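Visitor: Could you walk me through this model, one contact at a time?
Guide: Gladly; let us look at it together.

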Amino acid sequence: MKQAVEAHRLVSTMDSDSFGERGKSAWQDCLELYKDTVDLLNRSVNSNNKNPLDTHTWLSASLANQHTCRNGFTDFQIPSHYDSFPSMLSNFSKLLSNSLAINKATIPSTATSFSKQVRSRRLLSDGFPEWVSTADRKLLQSGGAAAKADIVVAQDGSGGFKTISEAVEAAKNLGGGSKRIVVYVKAGVYNENVEIKNDIKNLMFVGDGIDATIVTGNRNNVDGSTTFQSATFGVSGDRFIAQDMTFENTAGPAKYQAVALRSGSDHSVFYRCSFKGYQDTLYVYSQRQFYRDCNVYGTVDFIFGDAVAILQNCNILVRKPISGQENVVTCQTRTDPNENTGIIIQNSRITASSDLRPVQGSFETYLGRPLQKYSRTVIMTSSLDGLIDPKGWLPGSGNFALSTLYYAEYMNSGAGAATGGRVSWPGYHVLTSAAEAGKFTVGNFLGGDSWIPATGVPFAAGL
């Protein structure tokens, strides 16, 4: 904790002008991320319920922050600028890693599965997990969330605000995060970059439907944004919910990293939403996240990050990349074996979008690749169309991470689901046991039984 506070102080007093324009952009990420890390560690130290599972999530997110700070400089190929940061920062990574290992050792075996707490009760008949409050569940199920809106956004002037960013600022002054604030965003195309900081909690955004309410932007790496900053819509505040909206980044495949949505919101839910981009579309940045009945479009690494993330009943649509690129659906970025993070795709469909379908034989498409040593991705009970390369998975760089990653498939179907020709890496697994696959369900992996029911989003807790 002491080092986090000192790191934030040192970074904030650096002369960022000496970095040049792009380096300054990466430095700004670091400033925000170290501030967030101080908050996360404060929360871990002062947690009232002392739940080691919560602390585990917050420590994992702190580690993600540390690596993202460095990645901003790597994005612009100026790692030497990061090297000028105080040398204590590398020691800070070790301290975080040690804390994570110690905390993991304190988690009792009975606590590793949230679903054990609720197994004696039958699953809620509406199919929602438990960390979503009854009030939130009613909001989502009623279809009348818009009618209960605290704030209305409409481009035609029929609401209280014309932009989403103005509404976010107003929400900050309404509840202080203690109560759910519902923001109804009427149909329209909102061309703006929205940022919901971690001091704005309990926000719910409701649109008029996928491709009716659209938030759009085009920030990207080529034009000077770090991957973190390129997000059209970024959210850090806890318990964020979005329903019936589209988030897109229109930069295009030649602009490389260009994020449509970035979530570092703990216990966040995205229900009936669409995410459209090319490279790095959906940034499941950190903490616990649930996606249900969503569409995700992209080309390279287009579902990526270091969250505890489950996508359930989603359509994952692979687009046409630029010449010479391979399509890669996931790129999970776990850096430490004790992190509780991973990307789980369940009961979903991976297929070609309309622009790729006529030429899908000209491009290779893979389920994932590792850019970090302990990358973890599981795809189960999903339909994989014939565009998936028989090898299934793509190496990152040489043999890097092939024995330390954890990639698995369980009971998938479709023309691309055969596992006979898959990679033979030590870290790749074809799961045959329901007990093993069950570790990666919403109830177990995400602890969703304890928080999703409150949102009212339907979910399956098990396989």
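**A salt bridge, a sheet and a domain interface**

Guide: Lys172 forms a salt bridge with Asp199, and their closest N and O atoms are 3.5 Å apart. The rule here asks for a side-chain nitrogen of Lys or Arg within 4 Å of a carboxyl oxygen of Asp or Glu. This is a predicted model, in which local features need pLDDT of at least 70 and side-chain atom pairs count only at pLDDT 80 or more, while totals for chains, interfaces and linings use all residues. Residues are numbered from 1 along each chain as its sequence is written, and side-chain values use heavy atoms, with hydrogens and water left out.

Visitor: How many residues apart in sequence are the parts that Lys172 and Asp199 tie together?
Guide: Helices (H or I, at least four residues) and strands (E, at least two) are DSSP runs, numbered from the N terminus. Lys172 lies in helix H7 (residues 164–174) and Asp199 in the loop between strand S4 (194–196) and strand S5 (203–206), so the pair links parts separated in sequence by 27 residues.

Visitor: Which residue in S12 is the bridge partner of Glu248?
Guide: Two strands pair if DSSP finds at least two bridges between them. An open sheet of eight strands, paired in parallel, runs S3-S6-S9-S12-S15-S18-S21-S24. Within it, S9 (residues 246–249) and S12 (residues 274–276) pair over three bridges. In S12, the partner of Glu248 is Lys276.

Visitor: Which helix gives the most to the side of domain 1 that touches domain 3?
Guide: Contact, meaning heavy atoms within 4.5 Å, takes 11 residues from domain 1 and eight residues from domain 3. On the domain 1 side, helix H3 (52–75) and helix H5 (88–106) are the elements that give two or more residues. With seven residues, the helix that gives the most is H3.

Visitor: How many salt bridges does the rule find across the interface of domain 1 and domain 3?
Guide: By this rule the count for the model comes to 18 salt bridges. Across the interface of domain 1 and domain 3, the number found is zero.
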